[in-house]
Amino acid sequence: MADRRLRDGGKLHFNPRVFFGLQGYFSLIAATLLLIAGVLLAGLGYRMMTQTLEVAVERRVDDIGRDIKRDINNGIRRPALNFLAASSRGVLPMARSPEERVRFLPLIREILRSNSVFGSIIVSYDNGEIFVAKLLESERERLFFSGPPETALMVLEVRGTEDRLVSTYYFYDPQLRLLSSREDENGLGYLVAVERAWYRAALQADGVIETAPQIVLSRQSVSMVMARKSLDGRAVVALGIRLEDLSGLVAGELPTPGSHLALFQADERLLAIDQGFILQEDGQLSLRSLDNMAPILRLGMEKYRQGLRTTGLRVETGAKSTGLRVQEAGRDWLLVLEELDNDPNQSGDFMVLAIPRDEMFVMTGRFIRYAMLGMGSLLLLVVPVVWLMARYVSTPLRIMAERTRDPLNMGPRRTKTRLSLVTEIDNLMRNVEFMRKNQRKILSVIGMIGSDRDFETLPGRVLKEIMNITRTDGGVLLIMNESKTSLEKGWFCWDDGTVRATAMPEPLLRTPYAISRALNEGRSVLDRIGRDDPRAGLESVAPGFADHPDTNWLKLIGMPLHDRMGELLGGLILLRRGGSGEHDLGTDQIGFMETIVAAAAVVLETQALIKSQYDLRDALIRILAGAIDTKSPYTGGHCARVPVIFQMLLEAAHETDAGPLKDFRLDDAGLEEARLAAWLHDCGKVTTPEYVMDKATKLETFYDRIHEIRTRFEVLKRDAEIASLKARLEGADSGEEQRKLTKTLAELNDEFAFVAACNLGGEYMDDTALERLVIIGQRTWWRTLDKRLGVSRDELARMDRADAPAPPVLEALLADQPEHIIPRGEKDRLPDDNPWGFRLDVPEALYNRGELYNLSIRRGTLTPEERYKINDHITRTIMMLEDLPLPKHLRKVPEIAGAHHETMDGQGYPRRLKREEMSWEARMMAIADIFEALTAWDRPYKTSKTLRESLEIMETFKRNNHIDPHLFELFLAADIPRRYAAEYLKAEQNDLA
């Protein structure tokens, strides 16, 4: 590049005349011609594509109209009209009793099954009776009508007068066997009878009448009623027509993503719309009306009312346009207002279609972009070619070729292959290609720092890569121990084949071998090994002579490996087979090898550091999990056993090739993420107080306060004895006083026994027990000492919230005192808009230690405040994990670890997530957590359950939609319970056959 710069006072200056040399002018001319040709071709293509798109869009609109007409007529109205015509002349309207109508149930069932748009069949009689038949196809409908789970067909019979209607529901299974029936006075039957406007309209009409669409609450969908009176005029036969398929058709027929489409009945009532028919506001369902449609659809309705109609779509403006081009909200639209029924005897439905003009020609925009991209790509291709052709005859190319040489000539001379007729270009291309290959190889070694996570096989891969770069036949890599006193590990490889481990001879560092000298002297050492040399029999050297009879000796170089601090990591030996005419390595070649080895040392050191960081992280996580298990004897080895179950289920999910999990696969990063989440799933328990986590009795805090109450009973017993003795001293009858005292002491003993039993929380407390507890608590005793003395500052502050008389004070035996209420601070509150999405019912107080309040717990030992604190460990888990600076491949750890108390029905905590909102790993965690808790045998507060008992409970959880059914079935199919029990449970717990 000397001719590109001018020297002036020792400084280098850019010469602009060189840049605009031959290659610059040739490239500029080629680029200009290419740009002109590209613009012309793009313009011509744009015009042709626009014309083609105009025709395509017009045909598409015609297809939409035909499809909608066909689906409405053939899919809805024609089957409905045929059924109503046949039914009105048939015997069903003449069946005047429930017994007669039951005979038609097989026919009704088949009609409803064969016509998916028929939601129900209704017959209304002139005597006020109503007959309704409806298939219950979903669990939602069965729950809505309170039918048995096996219900396939529901029949509703409504009888009586408008003042008192009796609705009888009959539920049939798929074979039309009656499952159950129930009566409901008024209720749904009342609504059907009172609001049957279609009945009165059909009696006055000669043909079929249609009602406005309405919401079907049992399905949360939309339907309308088509009805016709019977031949004798004494009944009306009606069909409930489902409209959800029609709305789905409308949404799927949109010609462009931003288009809007709506269907209306003749009286302008909405029939279907792409935006969805049902609106939900504040938990209430309502039908979409004209007011809450897209503005462009409202504009189309106004045009329709004005009498405007279109028969197709032409996108060009002018007199030939049959579409309406309008402006709305700053956007150009094309409107299509089309009657869907050409037959004047039909209902007169019509369609309003709005298409944004800019979306119609989006393909033309893409064409322009692709054309520009193609032209740019062509420029990038042509300009370098022209540039290289211009440089073909330039002087700088010859100078560069003369100054370029091979930095490492490691092999015998080879005959040059001419890649160009010009010698300078040929030399330059060979030299640059050789340098590029070596740079790529060097970078590949360095790239192992970030890309390779297999720490055990990494040294072998580094050895093979170095052999490839240096073009050697064999190599030996040796690693020293941490104390740097001996070689700990070794690997060798020959001919770029299999890497094998080799034993390290202890005295190797004290021998005159090249590697020993290299390690001791800290420099590269050259050496040779002949066939008759004792070293030729070494395990790592012998393959160099095997199967190579022409090899007389091996030339080797031993080099030390140093880390960035200069500490010795190990050594590297590179070997090459040689004959009688082989020359020694030059200084440049040795320097190049040392550079490669230095890069390899950085890789090995860095990966060793990374591995140590991973090991440290895993050790800290296990220490945390062990600390949580050790913190409370009630949790046992929970944190250590849940990951075992979770890993089994994760492996089973990976291996399955059927069902919803057939495509579930995690890469190494995903597996690491799931494994860490399993270990950390209960890390929030470090914040849960032990006296809450381990609360064995209702009055237990840091100690069991039943002792305080026992002392009060003792005081009452002493007071009774003192009172009895005083009475005797004052002349009372000694026998009578003794009987009173005995009775009083017996009552106090019995009452304390009752209070003590309540404190255990072992049995459910009914209202009678609670009433007795209150009565006992109303006993009084004298306190003569000031309770404010000797208490903490916080408890004293709680006492100050209420006035307290000076002692002596007559107090209740059991009481809820102001100081028992520990208020919740701001840091313990969760706003509704908290950043973690927690949806929890937070108790007002942090703790309530009132004696009656705690003893009145109906089941268990925990108050609502304490139960919230127990559950709070999962929120703390999520908050703690989300505060960690987790790398990108571990970002799902909080979600996986923090969802094991969620349920599939959205009733869990803390976020009330539903099944579809949780990852597969999070759902697996829930199953692992539940199974371990059920089978744990080392928890002193409960008896361990057997496998059969545990699986029966989990089966109930599955039926109640608490756990994922697919994962639970996989859990059983993979035989995880039995495999886990074999290693972690007691033998008597495994009761599976």
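**Close-up views of a predicted model**

**View 1. R101 lies in helix α3 (residues 98-102).** Helices (H or I, at least four residues) and strands (E, at least two) are DSSP runs, numbered from the N terminus. The model is predicted: local features need pLDDT of at least 70, side-chain atom pairs count only at pLDDT 80 or more, and totals for chains, interfaces and linings use all residues. Residues are numbered from 1 along each chain as its sequence is written, and side-chain values use heavy atoms, with hydrogens and water left out. R101 has 0% relative accessibility and therefore counts as buried (under 20% relative accessible area, with a 1.4 Å probe and protein chains only). Beyond its neighbours within four places in sequence, R101 has contacts (heavy atoms within 4.5 Å) that include Y125, E129 and E157.

**View 2. An open, antiparallel sheet holds 6 strands in the order β21-β20-β19-β24-β23-β22.** The edge strands β21 (500-501) and β22 (525-530) each have a single partner, so one side of each lacks a neighbour in the sheet. Two strands count as paired if DSSP finds at least two bridges between them; β23 (residues 553-562) and β24 (residues 568-578) are joined by 10 bridges in the antiparallel sense. Within this region, L554 has R577 of β24 as its bridge partner.

**View 3. Helix α29 (residues 965-973) contains the buried residues L967, F968, L970 and F971.** These buried residues fall within an arc of 160 degrees seen down the axis of α29, so they line one face of the helix (the arc is that of the directions from the helix axis to the C-beta atoms). Among the elements covering them are α17 (638-655) and α30 (976-984). Just after α29, D975 adopts a positive phi of about 60 degrees.

Note on methods. Buried < 20%, exposed > 50% of the residue type's maximum accessible area, 1.4 Å probe, protein only.
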